[in-house]
Amino acid sequence: MTNRSLDFTPPYDFSWSWHAGEPAFEQVLTRPSGRVGLDARSGHVAGGASGFVNAHAGFGVFLSADTEGQRFPHAVLNPGRFQFAVGTNGVGSNATSEGGFELTVFEDGQPLVDASRKLWRSRVSGTLFDPTESASGSLGPQAFTGPELAFTIRPGHGYTFNAGIWVYADHSSGIGVAGGQSLLEGNISRMWVFG
């Protein structure tokens, strides 16, 4: 059997998004160019949600095969960039920011395998001795590769390969205020399946 690579570039077959908790403050999802962006805000920041935000968005392609075999899906966010900010002002307050790149394969509409690569995590906590804490950072533009993933494809079944980004922001005010922002954006410039 000869190994080969199926390459996909924008526009992809479909776009997708979902969230748990509150929705993202802003979402960009442009299928013709592969542009994706999520801005999650929680707490004492402009546009901050009252609870946590766990938002996901990206693109997908349809796959099928005539013979059974192992497949290795990959994707790249290029260029991509992220920035985050978290802060507290009060005893017992905390704020968290996270984000990453994820790959998922569905078989006949059901989740088959998935993997995620966390790009950053930042958390601060206000204490009695130091109630005011903050942290911020950014990285990019640069290429971010997806996590490693493998699955077995079988004839007679329909598959979708999804690549996307996710952001998370949460806070607890304690006796005071707290807030966090998580921003991740870029172009999913290529998706490919080797096997």
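This is a predicted model: local features need pLDDT of at least 70, side-chain atom pairs count only at pLDDT 80 or more; totals for chains, interfaces and linings use all residues.

Reader: Why is the contact of aspartate 39 and arginine 41 called a salt bridge?

Author: A salt bridge needs a side-chain nitrogen of Lys or Arg within 4 Å of a carboxyl oxygen of Asp or Glu. In the pair of aspartate 39 and arginine 41, the distance from N to O is 2.9 Å. That is within 4 Å, so the pair qualifies. The structure holds seven salt bridges.

Reader: What makes aspartate 39 and arginine 41 count as buried or exposed?

Author: The relative accessible area decides (buried is under 20%, exposed is over 50%, partly exposed is in between; 1.4 Å probe, protein chains only). Aspartate 39 has 4%, so this residue is buried. Arginine 41 has 17% and therefore counts as buried too.

Reader: How do you know that glutamate 185 and arginine 81 tie together separate parts of the chain?

Author: Start with the salt bridge: their side chains meet at 2.6 Å, N to O. Glutamate 185 lies in strand β12 (residues 175-194) and arginine 81 in strand β6 (residues 69-91), so the pair joins parts that are 104 residues apart in sequence. Strands here are DSSP runs of E with at least two residues, and helices are runs of H or I with at least four; both are numbered from the N terminus. Glutamate 185 is buried at 18%, whereas arginine 81 is partly exposed at 28%. Arg35 joins Arg81 and Glu185 in a network of salt bridges.

Reader: What makes lysine 118 and glutamate 98 a salt bridge?

Author: The N to O distance is 3.4 Å. The limit is 4 Å, so the pair passes. Lysine 118 sits in strand β8 (residues 110-125) and glutamate 98 in strand β7 (residues 94-107), 20 residues apart. Lysine 118 has 47% relative accessible area and is partly exposed. Glutamate 98, at 11%, counts as buried.

Reader: What makes a set of residues a nonpolar core?

Author: The members are buried Ala, Val, Leu, Ile, Met, Phe, Trp, Tyr and Cys residues, joined through side-chain atoms within 4.5 Å. The largest core here has 37 residues. Leu63, Leu77, Phe161, Leu184, Ile188 and Met191 touch the most other members. Strands β4, β5, β6, β7, β8, β10 (151-153), β11 (159-172) and β12 each supply at least two of its residues. Leaving aside neighbours within four places in sequence, leucine 77 is in contact with residues including Val36, Phe101, Leu184 and Ile188.

Reader: Why is the pair of tyrosine 12 and phenylalanine 59 called tilted?

Author: Rings of Phe, Tyr and Trp (its six-membered ring) pair if their centres lie within 6.5 Å; planes under 30 degrees apart are stacked, over 60 edge-to-face, and the rest tilted. The structure holds seven such aromatic pairs. For tyrosine 12 and phenylalanine 59 the centres are 5.7 Å apart and the planes are at 35°, so the pair is tilted. Tyrosine 12 lies in the loop between β1 (5-8) and β2 (14-21) and phenylalanine 59 in strand β5, so the pair ties together parts 47 residues apart in sequence. Tyrosine 12 is buried at 1%, and phenylalanine 59 is buried at 0%.

Reader: What makes phenylalanine 14 and phenylalanine 62 a tilted pair?

Author: Their ring centres are 5.2 Å apart and their planes are at 50°, so this pair is tilted. Phenylalanine 14 belongs to strand β2 and phenylalanine 62 to strand β5, 48 residues apart. Phenylalanine 62 has a relative accessible area of 54%, so this residue is exposed. Elsewhere, ring pairs link Phe82, Phe84, Trp120 and Phe144 into a cluster.

How values were computed
Residues are numbered from 1 along each chain as its sequence is written. Side-chain values use heavy atoms; hydrogens and water are left out. Contact means heavy atoms within 4.5 Å.
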